[in-house]
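Open the model in your viewer and keep the selection tool at hand. This tour tells you what to pick next and what is there.

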Amino acid sequence: MSDQAKQDRPEQAEFRAQCRAWLAANPLPEPPVRLPQSAIEIMHTAQLEYLRDWQRQAYEAGMVGCDYPVASGGAGRRDCQLIANQEMQRAGRPFLPNILGLGMAAPTIQIHGNDFQRENLLPRLFSCADIWCQGFSEPGAGSDLANVQTRAERYGDGWRITGHKVWTSLAHFADWMILLARSDRAHKYEGMTYFVVPIKANLGKTVTVRPLIKITGETGFNEVFFDGLEIPDHYRVGEIGQGWEVAQTTLLHERGAGPWVTPSSGRGGDPERNIADAWGLLELARRSPRAGRTAADDPVLRDRIMQLIIRQEGSRQGARRARVPALCDHPQRIPLQAKLVMSEIRQDVCALAMELQGAAGTLSIGDANAPEGGEWALGYLNSYGVTIAAGTNEIQRNILGERVLGLAKSK
Amino acid sequence: MTQPKDFGFDADAALLRDTARQFLLDQLPTEALHRLVASDHDPHRAPTNNWNPALWRQIVELGWTTVAVPETAGGAGLPLVALAALAEEVGRAALPSPFLATAAATLVLRQCQGAGTRDLLGEIAAGRTATLAITPRSGAWETAACDLYLDNGKLHGSAWYVQDAAKAEVLIAKAAHRDGLALVAVPVTAAGVELVPDSILDLTRDQAHVHFHGVAVDTAQILAAPGAGAATLDAAWPGVLTLVAADLCGAGEWLLQTTAEYARTREQFGRTIGFFQAIKHPLVNLMIQLDHARSLTYNAACALDHEPERAPALARMAKAAAADAGAFGASRAIQFHGGIGFTWECAVHLYTKRQKHNQILYGDASYQRARLAELLFGV
Ligand SMILES: Cc1cc2nc3c(=O)[nH]c(=O)nc-3n(C[C@H](O)[C@H](O)[C@H](O)COP(=O)(O)OP(=O)(O)OC[C@H]3O[C@@H](n4cnc5c(N)ncnc54)[C@H](O)[C@@H]3O)c2cc1C
């Protein structure tokens, strides 16, 4: 029995056994194409359709959204999503593609939305019938998110949306978007309202999606232009002028600090290989020649690898401790560190991997001689997506300093 | 021997450097660089070799390839600090060109005794391009590591991680012979030479591995006789490391200045982002790191001319400092540009990738420090 399983309550243990049995009985076919490293780098429909099919199966097997109420498309379980996640990871399954829906839209709609939204949108979100994206950032509103200028104007009983969103991951495939818009120009924080808006149905009409290219050469994020998109009032999430508070729920979940556990499974690329994982450096070092021996024989590199493994385990044990309130002094202290710490560890792990590889670290994805197909170097570049996205790590440090340590507000 | 106080950086060197900087600003502004090297963003694209040969011909006319060639061989024979300063400008422009590879080959040739050496140096001064083919498949940077063999006047085997190979006309190849390592000049067009381009991260250069299928070598092509190759290469090595350090410094300065400019103009929370110490302090730390690296690079370059006995240690210092500063700047430049910095459109990634390549090339900072420690401890 794994450590995780030992502490399950009876109904959790039963659920874990169910997950395991289902995963063992239902192997996934090999992907028809190389999978990207994470959901926000999905470029092609062939990648999407394979992953979408996997998420649908996982949903139907009860492993996605299982803690949500039945009326929202869930299974009404308690504390079971984490178990499903552990089992999907253990089985080496690829990631779930609808990451922005699962991690952000779902908890926000569940907490602040109305019955129409919960009953009609969430089941399709969990099953991946609909792909979701997040329309928060704008050219002038990145770190200063409250500066959003995309307008939501009253129009009959509904609303009319006009404006420009940017860096919108998965918008090129999205059916729906969670949108933060300005409904009142006189007030900065009290002048925003939160909506769910249909994207795909309005493409070529009042919605335009223009892909942006990442430093890796991959696509995956986009600009989205709204030119008078009309939506009914029941697409509004929360009260008029309460958009900022609703958005806080989204952001808290985006940073891994919210009350709803995000359904998630493995990583991209080849799950057999520990790309971007500190433990993967052990094997890489053993195989990398260095000054006549291997990198694993070099005391300096051994020390640097050990530092990263310790940091990574510190963060993993932190995630565990965060679920034991008696061992935490402040409820948000560890959760608010999650994305900051994990993204920097990943960046440092990939950077060290490139050094360990030595000359071969110059090779890129697709080169026949690149260690692990060049996935480490790609992971290095993609790590900046994570240190910048979801509130940059500079902003995360401001938030931790201010909310947890009570330091003076920096703005 | 001692170094001159001014690093040997005389008025000629200053003129050369200033002219080079202006020339590259005029001829290859950042937008032109981006058009030249980044037109295909597909991560699975075939290996590329995007450069501007017409620009290279102008560079040859400006005399950059004569700088390190001794006057006796038809060159200008300037102090090597001038070559370092040029390499810095090349890095600042992230210039895709055979400059660095040819300069490295020149530094090796300066140490060679073979009969053909002087002629080849003269040809390089006149614009012939060259590169080093000295690394084995394992990527080991040590002199002794070699996958190419010279046997009965024929070359068999391979050389890997050959820099700007597709731009080079001559390979300066390291080959193992029963009497020891030799250095051989091989035209890339020679029968039996097979160049296989690598897919690499850096868009501003090309790289290849080269197979030698029984390539015939005559005595005029022997630059360092079997047994003399290792000492020859070792003598040239501090210069080669110094060149890479200089490129890292130049590109690092571009990243620093470009990011500082962004921090002076991009506004969030009603202020320019440079107001925030989370941006300001790391940028200043980067400036300090780059200044150390640059000073150490000039020091190493000056030592090549004036105190060669210290050059091995000083070049290790320079490359170590420049590799760390280069990697740190590459990382902060993307981070401080936010979402824009993560896009292909923004030129920062071109420099970041060049920095990552040069950080690794011929050994990263901890590799250099390990070799330095061997020199300073004597073991
Ligand atoms: C891969 C990727 C995917 C993304 N996906 C989405 C998405 O799906 N939906 C969405 O809405 N957004 C998305 N984003 C946008 C992301 O949230 C923003 O890029 C981020 O919030 C930063 O905003 P910005 O790009 O405008 O940078 P800026 O806010 O301009 O920041 C530039 C630099 O200044 C620093 N800075 C700014 N203010 C301060 C301060 N007060 N103190 C210290 N430092 C400061 C920042 O840390 C950064 O280093 C994505 C971004 C990336 C890179």
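The stops below cover a domain boundary and then a set of salt bridges. Keep in mind that this is a predicted model.

**Stop 1: the domains of chain B**

Colour chain B by domain. The assignment gives domain 1 as residues 5–125, domain 2 as 130–224 and domain 3 as 229–377. Now show domain 1 of chain B and domain 3 of chain B. Their centres, taken over C-alpha atoms, are 19 Å apart.

**Stop 2: where domain 1 meets domain 3**

Select the residues in contact between these two domains of chain B. Domain 1 of chain B contributes 31 residues and domain 3 of chain B contributes 30. How much area is buried between domain 1 of chain B and domain 3 of chain B? The figure is about 2600 Å², and carbon and sulfur atoms give 70% of that. Pick out Phe7(B), Glu88(B) and Arg92(B) next. Together they supply 23% of the area that domain 1 of chain B buries against domain 3 of chain B, more than any other three residues.

**Stop 3: polar links across the boundary**

H4(B) gives the largest share, nine residues. Colour this side of domain 1 of chain B by residue type: 20 are nonpolar, six polar and five charged.

**Stop 4: two helices of chain A**

Now look at salt bridges across the whole model. The count over all chains is 47. Move to chain A and select Glu87(A) and Arg20(A). Their side chains meet in a salt bridge, 2.7 Å from N to O. Glu87(A) sits in helix H4 (residues 81–90) of chain A and Arg20(A) in helix H2 (residues 10–25) of chain A, so the pair ties together parts 67 residues apart in sequence.

Arg20(A) is partly exposed, with a relative accessible area of 28%.

**Stop 5: a helix pair in chain B**

Return to chain B and select Arg21(B) and Glu89(B). They form a salt bridge, and the closest N and O atoms are 3.0 Å apart. Arg21(B) is in helix H1 (residues 11–27) of chain B and Glu89(B) is in helix H4 of chain B, so look for a link between distant parts of the chain, 68 residues apart. Arg21(B) is partly exposed at 30% relative accessible area. Glu89(B) counts as buried at 2%.

**Stop 6: one more pair, then a network**

Select Arg128(B) and Glu123(B). Their salt bridge has its closest N and O atoms 2.6 Å apart. Both residues are partly exposed: Arg128(B) has a relative accessible area of 27%, and Glu123(B) has 35%.

Show Asp8(A), Arg16(A), Arg20(A), Glu87(A) and Arg90(A) together. Salt bridges that share partners join these residues into one network.

How values were computed: Residues are numbered from 1 along each chain as its sequence is written. Chains are lettered from A and ligands numbered from 1 in the order in which they are written. This is a predicted model: local features need pLDDT of at least 70, side-chain atom pairs count only at pLDDT 80 or more; totals for chains, interfaces and linings use all residues. Side-chain values use heavy atoms; hydrogens and water are left out. Domain bounds come from an automatic or database domain assignment. Contact means heavy atoms within 4.5 Å. Buried area is the accessible area (1.4 Å probe) that two parts lose on being put together, summed over both. Helices (H or I, at least four residues) and strands (E, at least two) are DSSP runs, numbered from the N terminus. Ala, Val, Leu, Ile, Met, Phe, Trp, Tyr, Cys and Pro count as nonpolar, Asp, Glu, Lys and Arg as charged, and the others, Gly among them, as polar. A salt bridge is a side-chain nitrogen of Lys or Arg within 4 Å of a carboxyl oxygen of Asp or Glu. Buried means under 20% relative accessible area, exposed over 50%, partly exposed in between (1.4 Å probe, protein chains only).
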